[in-house]
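Here are some notes for a first look at this model.

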Amino acid sequence: MINIEDKYKELTDSLNEQIPFYPEIALILGSGLGEFAEKVNTIKTIPTNELPNYPHSTVEGHKGFIHFAELFNKKLLIYQGRIHPYEGYNISECVLPIHIAHKLNVKKVILTNAAGGLNHLKPADLMLITSMNTFNIKKELTELIGLASLEMRNRFLDFPSEHLNKIIRSAALKEEVPLKEGVYWFGMGPSYETPAEIKMVEKLGGDAVGMSTVHEAVYASALGMEVGAISCITNYAAGISPNKLNHKEVMETAELVKGKFERLIKKIIKLL
Ligand code: HPA
């Protein structure tokens with residue numbers, strides 16, 4: 001595993017020269033949820049392809065922009081587009097947005113994603129992530145924690161932050177946005193899961209499946225940030241409904257949900 005600090009020094013130095021302010025809260029927008037970035041007061045946008053060594057996003061629905069924005073007097077760092085392991089990037093590249101946030105002294109992180117639902121989750125639900133699981137990248141995650149901080153080794157990882165989750169629940173109540181809760185299961189992709197995999201996930205306690213977020217949450221927590229995460233359920237997980245999954249359905253459902261998603265995220269930012 002590479003040294004993230006060294007590898008991205010040129011990038012973070014370049015960013016430091018361009019930023020309009022030091023942000024307090026970082027927000028990563030998941031597939032189809034990027035439009036939120038247009039609903040805030042943007043002070044400065046930096047295309048990620050102008051930053052040295054920033055991995056290119058190869059997924060439809062993921063623009064490569066970093067926005068410095070304001071809302072309710074809070075200073076935000078918004079990632080419109082993320083980096084996924086299934087794009088062929090290694091975990092230390094996928095956590096670059098978190099590394100940058102840490103370098104800019106961000107203390108709170110809200111992660112969002114699109115996910116397939118099972119158990120009590122159905123398309124267009126929003127789900128507060130209460131815990132996560134994966135087989136796929138467990139080893140890399142453990143290495144990441146070691147990389148992030150020596151003191152986190154062999155210690156309980158504080159994800160999700162109970163403090164943030166309290167705020168997220170309260171934001172949902174106040175905005176009257178129904179918010180379910182459940183366990184996020186990371187799959188490596190790039191294809192969606194098989195129905196058999198989903199049966200396994202169901203038996204092992206997963207409620208939503210997706211291909212992101214886990215490494216970001218683990219890394220940010222290991223760096224001492226408070227992390228909360230929300231899934232937008234865009235489809236039934238494979239085998240739950242007879243329809244074949246596709247990225248178009250994911251994007252279409254995200255489009256349907258964007259109103260309540262926007263209200264919820266704005267309220268969370270207000271309460272943070
Ligand atoms: N599986 C994995 N990732 C996803 C899904 C899914 O069903 N929906 C959106 N992202």
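1. A term to start with: a polar contact is a pair of N or O atoms within 3.5 Å. The model is predicted, and the distances below should be read with that in mind.

2. The side chain of Asn235 has an N or O atom 2.7 Å from a nitrogen atom of the ligand. For the side chain of Glu193, the corresponding distance to a ligand nitrogen is 2.8 Å. Ala114 uses its backbone instead: an N or O atom there lies 3.4 Å from a ligand nitrogen.

3. How much of the ligand does the protein cover? On its own, the ligand has 260 Å² of accessible area, and the protein covers 94% of that. The ligand sits in the second largest pocket.

4. Next, the shell. β5 (108–117), β8 (208–210) and β9 (226–236) each give two or more residues to it. β5 makes the largest contribution, with three residues. Among the residues around the ligand are also Tyr192, Met211, Leu245 and Val250. By class, the shell holds seven nonpolar residues, four polar and one charged.

5. The whole structure has one cavity of 30 Å³ or more. The largest cavity holds about 60 Å³ of space. Its lining has 13 residues, and Thr48, Tyr54, Ser57, Gly64 and Gly81 are the closest to its centre.

6. Which strands supply at least two residues each to that lining? They are β3 (65–71) and β4 (74–80). The lining of the largest cavity divides into six nonpolar, five polar and two charged residues.

Terms used: Residues numbered from 1 in each chain as written. Predicted model: local features only at pLDDT ≥ 70, side-chain atom pairs only at ≥ 80, totals over all residues. Heavy atoms only, no water. Near = heavy atom within 4 Å. Polar contact = N/O pair within 3.5 Å; in protein donor to acceptor, adjacent residues only side chain to side chain. Areas by Shrake-Rupley, 256 points an atom, 1.4 Å probe, with all protein chains shown as cover. 1 Å grid on protein atoms, 1.4 Å probe; cavity = no way out; pocket = protein on both sides within 12 Å on 5 of 7 lines; lining within 4 Å. Sits in = over half its atoms within 2 Å of the grid points. Helix = DSSP H or I, 4+ residues; strand = E, 2+ residues; numbered from the N terminus. Nonpolar A, V, L, I, M, F, W, Y, C, P; charged D, E, K, R; others polar. Points joined across faces, edges and corners; volume = space filled by probe spheres on them.
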